[in-house]
Every structure is written in C-alpha cells, then in structure tokens.
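Subject: Structure for you to look through

Dear colleague,

I am handing over the structure we spoke about, and below it you will find my notes on what turned up. Please keep the view open while you read, so that you can follow each residue as it is named.

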Amino acid sequence: MTDVNLSASGGEGLEFLVATVLAVAGVAVAGVTLLWQKRGTGFKRVHYTAACDQLLLDRDDEAVDSFLSGPISVHLEPSGTKLVWPMAFKLRLANTGMAPIQPSDFSSTLNIDFGPRCELLGGSITVSRGRADEFLGSESAVLDHGCLKLTPFLLNPRDEITISGMLNGVLPEDGIAVSGRVTGMETFVRLRARERGPRAELVVNSLLHDSLEHQPIAPDVDVKIFVLPKFLPFEDLGSAPRGGRGISTRLNGSVVERMHQVSFQVTNRGRREVDLTHWLRCHTGDRTFLHLLDIRKAHVTIASDSQSDCVDWNSRAVGIRPGPLGVGETFSATFIAEGRLDEVEVGECPDEIEDVQIARMTFPDTSLERHLAEMSPRVILTSPGIYRGLQKLRDALRVSSR
C-alpha cells in the first residue's frame with residue numbers, strides 16, 4: 001500500500017511540474033505576443049464567433065428524407081415560399097484590439113460569407129452602442145450571391161456587432177466566414193462556438209397511477225407515449241408569424257403552429273411472448289392528431305392495407321392493438337400532432353398492461369446565444385492550448401494545497 005501511495009504522489013508531482021512549465025511558457029508567449037501587438041500607437045484585432053442550428057429536430061437520414069419529400073414543410077411568410085433546408089444563425093463580431101478601426105482603414109467591404117449553396121432569408125443587426133442604423137449607416141448592408149457585405153464603418157475597441165437570422169440551404173464545411181481587408185490587420189480571427197445542439201429535458205409521467213409508489217418498477221409490457229417537438233422553437237426567430245416576415249411549419253400545406261411528433265410504443269420486456277389482442281385507447285379533449293406517419297412492428301413497417309387491424313384513430317383519439325409480440329419486440333405507431341398532449345387520458349386498457357407513461361421532451365433554452373464563444377479580450381489573449389495549461393496549473397495548485 002505504501003508503494004502505491006508514493007507512486008501516486010510522484011505522478012501528481014510530475015503532473016504539477018509539467019502543468020507549471022506549460023502554464024509559465026504559455027503566459028510568456030502570450031506576454032510577448034501582447035507586447036508585439038501593442039507596439040506603436042496600438043494594434044488592431046477583430047474576432048468573430050458564429051453558431052447555427054437546423055430547425056428540423058429529427059437528424060437521422062430517414063427523417064431528413066421524409067422532410068425533403070414528405071407532407072411536412074417549412075415556409076417563408078408571408079410569401080409562402082417553401083424552404084429546402086432552414087437554419088437559424090447568430091454571429092458576433094468584436095474589436096478586441098487596442099486601436100479603433102476607422103472607415104478609411106477598410107480597403108474593401110466587410111464580408112459575411114454563407115457560401116454558394118446557402119441563402120440569407122432575413123434577420124436583424126444589433127450593436128453594443130446605440131442604434132444599428134447610426135452605427136453602420138442606414139444603407140450599409142448589401143446581399144450579393146450568398147454574401148452579406150457591410151460598407152466601411154467605425155469600430156472602436158470593445159465594439160460588438162451581432163447578426164441573427166434565418167438561412168436556407170447548406171453551409172460550407174467551415175461554416176460562416178468573415179473576411180475583408182483592413183490596414184494594419186492580417187485577418188479576422190474565428191473563435192469556434194462552445195457547443196452545438198439544443199439542450200433537451202425529458203419529463204415522464206404515468207397516465208394510470210397518481211403516485212410513484214403505485215407505479216410498477218419494471219413491467220413486462222412497457223408502454224410509453226413519446227411527445228417531441230418536430231421543429232426547434234427558436235427564441236431568436238419566433239415561429240408561425242401572423243403578418244410580418246418570418247417562418248411557418250405546415251402539414252400538407254396547412255399551417256400547424258405547434259407541430260409535434262407523437263409515438264405510441266409498446267415493448268415486450270418479459271421472458272415470453274405476449275398477445276395483446278385488446279385495444280389500448282387514449283383520447284384528448286382537443287383536435288390533436290393530424291396525420292399517421294407510420295406503423296412498425298419488430299422494425300418492419302406495416303402495410304397500409306393492414307394498418308386498420310392494429311391502429312384506430314381520429315383527431316381526438318388513438319387506439320392501438322399490437323397483437324403478438326415476441327421477447328424484446330416493439331410495436332410503434334407514430335403521428336403528427338398539434339400541441340404536446342397536455343390533457344391526454346387512457347380510456348380502455350388491456351389487462352396485460354400495468355402502466356402507460358407519457359414522456360414529453362422540452363427545450364428550455366433554444367437560444368443560440370449560449371453557443372457563441374466568449375469575446376472578452378482577457379479570455380482570448382491566450383490560445384486554447386495555453387488556456388488549458390492554465391487550467392491544469394490551477395487544478396494542480398488545488399491538489400497540492402490539500
């Protein structure tokens with residue numbers, strides 16, 4: 001035991017030494033870089049960060065193919081133009097240097113490039129000081145072949161510009177790029193977004209039991225109703241606008257403002273086959289169910305001429321009758337619905353089913369703001385590698401002080 005402890009202590013000491021060397025070297029490099037940048041009257045530096053996400057929540061190949069050729073679509077309003085692949089984006093650009101960038105310093109426009117296969121549908125510009133039209137000029141933005149061009153403007157140290165909007169199409173592999181020619185500045189520096197994808201929460205409730213103590217822990221027949229938004233409810237854009245320019249989601253051409261995908265799933269988790277010959281029926285108070293997407297049993301799609309034997313539905317109720325299910329097999333019936341089934345109840349229920357649970361997925365924060373990288377000069381002084389070295393040094397100091 002003593003040898004093991006000494007070995008662990010030695011490893012920690014070596015890790016501390018390496019982290020210290022890396023951190024000191026990193027700070028030295030950062031200091032030299034800062035002194036070099038600050039030579040003369042000041043240095044010019046612009047960083048930018050961008051984040052984007054697609055509206056379609058389902059990301060697998062089958063869901064994408066269904067969106068491109070199926071009954072569900074997204075449209076630009078009020079024109080009603082169908083969008084091929086809609087995405088939301090947010091980009092922030094900041095002067096992180098020590099000197100102002102004058103309009104005369106630009107020898108070209110400031111270009112925000114979305115690529116040849118992506119179209120900017122619209123958006124908004126906000127600035128850190130005052131109004132955007134005063135900051136940039138009333139006619140400063142021009143859209144040209146997938147590129148948003150801003151005419152030269154004054155960008156003081158710590159000034160920020162944020163552009164949010166909607167895209168249609170496919171971005172280049174490197175994403176949104178900012179470019180331009182500025183006297184005394186080599187390039188616009190990209191900071192990668194901190195993370196991708198929305199954060200989801202899954203809330204599960206029983207439709208048959210009021211308290212947890214009455215719910216079966218591991219029923220042989222597992223029945224769940226999964227309710228999941230079909231499209232991300234982006235806070236930055238707003239959905240299904242009435243009047244102004246925006247987007248709407250449609251089913252067979254009709255607007256559905258709160259489109260969800262609802263999947264009734266029955267899985268045999270027991271040790272022998274079960275035969276569910278009686279109907280399980282659920283109903284809602286409002287017109288909820290709009291379209292039957294598919295029915296599957298043991299990963300095999302059930303043909304349309306046989307679907308009435310196992311699924312019976314209308315806009316306010318759904319009944320399923322899976323029939324025989326082998327060990328581990330799942331029966332599923334998936335619908336497009338409006339709303340999240342807030343008032344669903346179980347009507348008929350076979351004796352073999354001990355519980356019916358509803359699992360609702362929500363997205364408490366869909367804003368792209370949290371994906372953007374930190375733009376503070378004190379954070380981007382060092383490179384990501386140096387920053388990790390400083391983090392290791394801090395952790396090592398904490399360990400050694402114990």
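Arg158 is exposed, with a relative accessible area of 59%, where exposed means over 50%, buried means under 20% and partly exposed lies in between, computed with a 1.4 Å probe on protein chains only. Please bear in mind that this is a predicted model, in which local features need a pLDDT of at least 70 and side-chain atom pairs count only at pLDDT 80 or more, while totals for chains, interfaces and linings use all residues. Residues are numbered from 1 along each chain as its sequence is written, and side-chain values use heavy atoms, with hydrogens and water left out.

Arg158 also has a positive phi of about 75° although it is not a glycine, and its place is in the loop between β8 and β9 (160–169); strands here are DSSP runs of E with at least two residues, numbered from the N terminus. Most residues other than glycine have a negative phi, and most peptide bonds are trans. His145, in the loop between β7 (141–144) and β8 (147–150), likewise has a positive phi, near 50°, and is exposed with a relative accessible area of 77%. A cis peptide bond, with omega about 10°, joins Glu77 and Pro78, and Pro78 sits in the loop between β2 (72–77) and β3 (81–82).

Leaving aside residues up to four places away in sequence, Leu110 is in contact (heavy atoms within 4.5 Å) with residues including Leu93, Leu148, Phe153 and Phe188.

Finally, 7 strands form an open sheet with mixed pairing, in the order β12-β26-β13-β16-β24-β19-β20, where two strands pair if DSSP finds at least two bridges between them. Its edge strands, β12 (199–206) and β20 (300–301), each pair on one side only. Within the sheet, β13 (residues 221–229) and β16 (residues 259–268) pair in the antiparallel sense over 9 bridges, and Asp222 stands opposite Thr267 in β16.

Note on methods
Helix = DSSP H or I, 4+ residues; strand = E, 2+ residues; numbered from the N terminus.
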